[in-house]
Amino acid sequence: MISLNNKHILLGVSGSIAAYKSAELVRCFKGAGAEVRVVLTKGGAEFVTPLTFQALSGNPVSTELLDTEAEAAMGHIELARWADAVIVAPASANVIARLAQGRADDLLSALCLATAAPIAIAPAMNQHMWANAATRENLRQLSTRGIVQFGPGDGDQACGDVGPGRMLEAGQLARLTAAIFDTGSLAGCTVLITAGPTQEAIDPVRYLSNRSSGKMGYAIAQAAVEAGAKVTLVSGPTALRAPPRVERIDVRSAQHMRDAVMQHIADSDIFIGAAAVADYRPVHIAGQKIKKTEDMLTLELQRNPDILADVAALKNGPFTVGFAAETENLEQHARGKLQRKKLDMIAANWVGENTAFERDDNALLVITANDKQQLATTSKSVLGRQLIELISKHYHGGA
Ligand code: CTP
């Protein structure tokens, strides 16, 4: 049983008789738990109607790059960010040539240029077109750019030929798509992650907290599990469901979070502090609800333990990754925290109005002692996977 639980799959359907198999592919993706959006090229729409894909996917089908209505609903950049993977099936010889050239004059090619998500193509064409040197050269180029190729298979072709060029069956394509996410790069590792905000009690009904949604930490947890790690997620209060196969420990305050982390840290190879831990907590927690009897109320606060710094200071501690949320001087502040807290890696992002917190997308500047990588704005799930791949590279000593 394959799983594409909660994955956003963008299916590009181009002009080939194999397009009829893509209708079944949508059902396989959905059956495996994915949400599917379909982009039809002009050629694709000659073979199967948008209505078929709309009914099967449960989502509107996009066909045009410059369509004011479609752009208002979910524009091409938004679609590119929404996708966890872009699967072009069938990929005609024409679409393969267009992708190789980096064209952006129709919706599907523009999306493939704009997305940070992995792209896979499932070629479908006549065996002579498949064998043609132009097609071979285009495929070679796509492969050097990291575009994955599914198939094609061998056999009877719609034109009467027999040979290579048949698009793989829907079930095979769905299995190969699921394998994109299961990278195995952290196989055998144990990863401990903190996520979400903390709540620092003032009285039995009130607390101090922040706007962290937990989405980034949860996306990292999911990516780590898919990379083969055993993952424990110590989570402050959020509205999110734990990703499958992740052990979640619920906590409220920074002190609870620290206790849970320290209980599990000895077994961890990697620690990722993605939580927005409150730096201060009230010195006294009122036993009863505080009444508004005074004009002025002063809360006395004391520093919380710095969980990340405490983990990084452990002897023989894990590979330690921190986050830095900044409103100014992003790189400078992040480097300061990397050194001060003696971290192995820090992931920095801008915060403030309309950035990071509560949103589904984000961008990260990832810094280590000898490396700096900018991960451009994309969905938090794609970003989570990119971050996990970077962590795995540095953890295994490859960078
Ligand atoms: N962190 C932690 N425990 C705390 C505070 C922060 O583990 N008590 C971790 C966060 O999970 C994050 C990183 O530290 O990985 C954030 O660093 P921090 O210096 O606390 O950020 P700010 O609070 O923004 O710091 P400053 O006020 O210095 O900007």
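1. Strand β18, residues 361–368, pairs with β19 in the antiparallel sense, over 7 bridges. Within this pair, Val366 stands opposite Gln373 of β19. The model is a predicted one.

2. These strands belong to an open sheet of 8 strands. The order is β12-β11-β8-β13-β16-β17-β18-β19, and the pairing is mixed. At the edges are β12 (246–250) and β19 (371–379), each of which pairs on one side only. Direction ignored, neighbouring strands of the sheet are turned by 20° against each other on average.

3. Helix α15 (residues 380–395) packs on this sheet. The helix touches β13 (270–273), β16 (319–326), β17 (345–350), β18 and β19. The directions of α15 and β19 make an angle of about 160°.

4. Next, helix α12, residues 254–264. Ala254, Met257, Ala260 and Val261 are buried there. They lie on the same side of α12, because they cover an arc of only 125° around the axis. What covers the buried residues of α12 includes the strands β8 (190–195), β9 (200–203), β11 (230–235), β12 and β13. Helix α13 (307–312) is also part of that cover.

5. A second sheet is open too, with 5 strands in the order β2-β1-β3-β4-β5. Here the pairing is parallel. The edge strands are β2 (35–40) and β5 (148–149), and each pairs on one side only.

6. Look at the β1 and β2 pair in that sheet. Strand β1 covers residues 8–13 and runs parallel to β2, with 6 bridges between them. His8 has Glu35 in β2 as its bridge partner. Helix α10 (residues 170–181) packs on the sheet and touches β1, β3 (85–91) and β4 (119–123). The direction of α10 makes about 155° with that of β3.

7. How is the chain divided? The domain assignment gives domain 1 as 8–181 and domain 2 as 190–395. The C-alpha centres of domain 1 and domain 2 are 37 Å apart. In the contact, domain 1 takes part with 7 residues and domain 2 with 9 residues.

8. How much area do domain 1 and domain 2 bury between them? The figure is about 690 Å², with 44% of it on carbon and sulfur atoms. On the domain 1 side, Arg81, Ala116 and Phe181 supply 74% of the area buried against domain 2. That is more than any other three residues supply.

Technical notes. Residues numbered from 1 in each chain as written. Predicted model: local features only at pLDDT ≥ 70, side-chain atom pairs only at ≥ 80, totals over all residues. Heavy atoms only, no water. Pairing = 2+ DSSP bridges. Helix = DSSP H or I, 4+ residues; strand = E, 2+ residues; numbered from the N terminus. Axes fitted to C-alpha atoms, helices over the stretch in contact; angles between N-to-C directions. Contact = heavy atoms within 4.5 Å. Buried < 20%, exposed > 50% of the residue type's maximum accessible area, 1.4 Å probe, protein only. Arc of directions from axis to C-beta. Domains from an automatic or database assignment. Buried area = accessible area lost by both parts, 1.4 Å probe.
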